[in-house]
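Please look over the model below before reading on.

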Amino acid sequence: MVHEAYLRLIGPVEGEPSSWRGRGHFFGAAAEAMRRILVEKARHKGRIKHDGGRVREEWDLSEVAAPEVADDLLALDDALQKLAEQDPQAAKLVKLRYFAGLTISQAAETLGVSRRKADFLWSFARAWLCRKIEGR
């Protein structure tokens, strides 16, 4: 998946100079590319036609440790889109932390905000997203 994100970032023609307006722009684009790839894969995996001719086995749900990652990712993506409408900066911070893997300090620097502001945005975004995902 990281390779696919890299290919999306460099564009269709290799060797052209990059058009990044700085570190923040690059990491924002990288986080968005990774998010889109993961969501596409989760949606693809959830399609009925994508069973590959496999035979379905029944499982005891008590043996399953965690919900399907694809379901969690799709729920996160829906909630993240709603958060972006309400607070775009908080949504960007979540994308940088979750999809690009930046620390809170790196994300704060990328967004051009203080560490304290980033901590506040992160706390707000986590609580907001949890409430939206659990209440769906």
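**Overall layout**

Of the 136 residues in the protein chain, 29% are buried, where buried means under 20% relative accessible area, exposed means over 50% and partly exposed lies in between, with a 1.4 Å probe and protein chains only. This is a predicted model, in which local features need pLDDT of at least 70 and side-chain atom pairs count only at pLDDT 80 or more, while totals for chains, interfaces and linings use all residues. Residues are numbered from 1 along each chain as its sequence is written, and side-chain values use heavy atoms, with hydrogens and water left out.

The protein chain has six helices and zero strands; helices (H or I, at least four residues) and strands (E, at least two) are DSSP runs, numbered from the N terminus. Read from the N terminus, the order of elements is α-α-α-α-α-α. Among contacts in the protein chain with a separation of 6 or more, 66% are between residues 24 or more positions apart. Contact here means heavy atoms within 4.5 Å.

Two packed helices are described by the angle between their axes and the distance between the axes. The axes are lines fitted to C-alpha atoms, for helices over the stretch in contact, and the angles run from 0 to 180 degrees between N-to-C directions. Angles under 35 degrees count as roughly parallel, over 145 as roughly antiparallel, 65 to 115 as roughly perpendicular and the rest as oblique.

Start with helix α4 (residues 88-98) and helix α5 (residues 104-111), whose axes come within 10 Å and cross at roughly 130 degrees. The two helices α4 and α5 are therefore oblique to each other. Their crossing is right-handed; a crossing has this hand if the near helix is turned clockwise from the far one by less than a right angle, and is left-handed if anticlockwise. On the α4 side the contact uses Q89, K92, L93, L96 and R97, and on the α5 side I104, A107, T110 and L111. Sorted by class, this contact of α4 with α5 has five nonpolar, two polar and two charged residues. In this sorting Ala, Val, Leu, Ile, Met, Phe, Trp, Tyr, Cys and Pro count as nonpolar, Asp, Glu, Lys and Arg as charged, and the others, Gly among them, as polar.

How do α4 and α6 lie to each other? Their axes come within 9 Å and cross at roughly 90 degrees, and α4 and α6 are therefore roughly perpendicular. From α4, the residues in contact are Q89, A90, L93, V94 and R97, and from α6 they are K117, A118, L121, W122, F124, A125 and L129. The contact of α4 with α6 comprises nine nonpolar, one polar and two charged residues.

The remaining pairing in this part is α5 with helix α6 (residues 115-134), whose axes come within 9 Å and cross at roughly 110 degrees. Helices α5 and α6 are therefore roughly perpendicular to each other. Here I104, S105 and A108 of α5 meet R115, A118, D119 and W122 of α6. By class there are four nonpolar, one polar and two charged residues in the contact of α5 with α6.

T110 is in helix α5 and is buried, at 14% relative accessible area. Apart from neighbours within four places in sequence, T110 contacts R23, G24, F27, L96 and L102. R23 belongs to helix α2 and is partly exposed, with a relative accessible area of 43%. Along the chain R23 and T110 are 87 residues apart, yet their C-alpha atoms are separated by 6.5 Å. Not counting residues up to four places away in sequence, R23 touches Q106, E109 and T110.

G24 also lies in helix α2 (residues 23-46), and at 24% relative accessibility G24 counts as partly exposed. The C-alpha atoms of G24 and E109 are 7.8 Å apart in space, for a sequence separation of 85 residues.

Beyond residues up to four places away in sequence, D77 touches R35, V39 and R43.

E134, in helix α6, is exposed, with a relative accessible area of 70%. E134 and A75 are 59 residues apart in sequence and 9.2 Å apart in space, C-alpha to C-alpha.
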